[in-house]
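Thank you all for coming. I would like to walk through one structure today, going from its pocket to its strands, its charged pairs and finally its cavity.

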Amino acid sequence: IRHTKLYKSCSIKPGKNIEPQQTQNMQKYIRIAFFLVAFPFILSQAKRMTPDKPCKHFTFYMHNIFLNGTNAANATAAAIVGHTTLGDKFFGEMTAFDNPITEDQSLLSTPIARAQGFILNDSKTTFSSLLAYSLVFNSTEHKGSINIMGADQRNEQTRYLSVVGGTGDFFMTRGIATFWTEYLDPHTYFRVRMDIKLYECY
């Protein structure tokens, strides 16, 4: 009987908070401290992503020479999958490339990087492609890569693709690559100007 009374006297009433007030205060202080530590980092990230102030800015030129059966020694791009019969925009065709990148418009200039990737025609109604490639640097000025991908809508004079990452000097970078086709011969050669703005630099 005495045990029963003791149990009843120690019973917890429904809805009563059993957490000590001291523990609640400690958790509140931890949340405040975490916010004070994280806030400067969040603010610096927002500052870093200001569109008008990239942390790095480059202008490069990409040169693409199509393989046409007679220029294997100089070609830098070749179709690896033929197009389908869907639509009239070469839907499904895939081209792999290993294009030289220069700092000026001349194809004969010394390359500072290679653009290595592929183009996949993914629209039945427009000349639009999925473009995905890495700018691979191996020079005294830069080491590493910048990874770029997005929709290349070739009917538009100006196109925008995403910089989705990088390695080496461009570790974990992000930004925007703006494209203009400066010269085009659909059977042999084209040159693209790339304006690359990076907004995350480590």
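The largest pocket holds about 790 Å³ of space, and among the 29 residues that line this pocket, F66, R154, L184, P186 and F190 are the closest to its centre. Grid points are joined across faces, edges and corners, and the volume is the space filled by probe spheres set on the points.

Please keep in mind that this is a predicted model, in which local features need a pLDDT of at least 70 and side-chain atom pairs count only at pLDDT 80 or more, while totals for chains, interfaces and linings use all residues. Residues are numbered from 1 along each chain as its sequence is written, and side-chain values use heavy atoms, with hydrogens and water left out.

Which strands contribute to the lining of the largest pocket? At least two lining residues come from each of β1 (56–65), β2 (77–81), β3 (94–102), β4 (113–121), β5 (128–138), β8 and β9 (189–200). By class, the lining of this pocket has 16 nonpolar, nine polar and four charged residues, where Ala, Val, Leu, Ile, Met, Phe, Trp, Tyr, Cys and Pro count as nonpolar, Asp, Glu, Lys and Arg as charged, and the others, Gly among them, as polar.

To place those strands in the whole, the protein chain has two helices and nine strands, and from the N terminus on its elements run α-α-β-β-β-β-β-β-β-β-β. Helices (H or I, at least four residues) and strands (E, at least two) are DSSP runs, numbered from the N terminus. Of the 202 residues of the protein chain, 31% count as buried, and here buried means under 20% relative accessible area, exposed means over 50%, and partly exposed lies in between, with a 1.4 Å probe and protein chains only.

Now to the charged pairs. The whole structure has four salt bridges, a salt bridge being a side-chain nitrogen of Lys or Arg within 4 Å of a carboxyl oxygen of Asp or Glu. One of them joins the side chains of D98 and R114 at 3.1 Å, N to O, and this pair links distant parts of the chain, with D98 in strand β3 and R114 in strand β4, 16 residues apart. D98 is partly exposed at a relative accessible area of 31%, and R114 is partly exposed at 29%.

Let me turn to the cavity. The structure holds one cavity of 30 Å³ or more, and about 30 Å³ of space lies in the largest cavity. Its lining is made by K56, D169, F170, F171, T173, L198, E200, C201 and Y202, which divide into five nonpolar, one polar and three charged residues.

F171, one of these lining residues, is found in the loop between β7 (158–168) and β8 (174–185), and F171 is partly exposed, with a relative accessible area of 49%. M172 has its place in the loop between β7 and β8 too, and its phi is near 55 degrees, a positive value in a residue other than glycine.

E141 lies in the loop between β5 and β6 (143–153), and E141 is exposed, with a relative accessible area of 53%.

Definitions and conventions: 1 Å grid on protein atoms, 1.4 Å probe; cavity = no way out; pocket = protein on both sides within 12 Å on 5 of 7 lines; lining within 4 Å.
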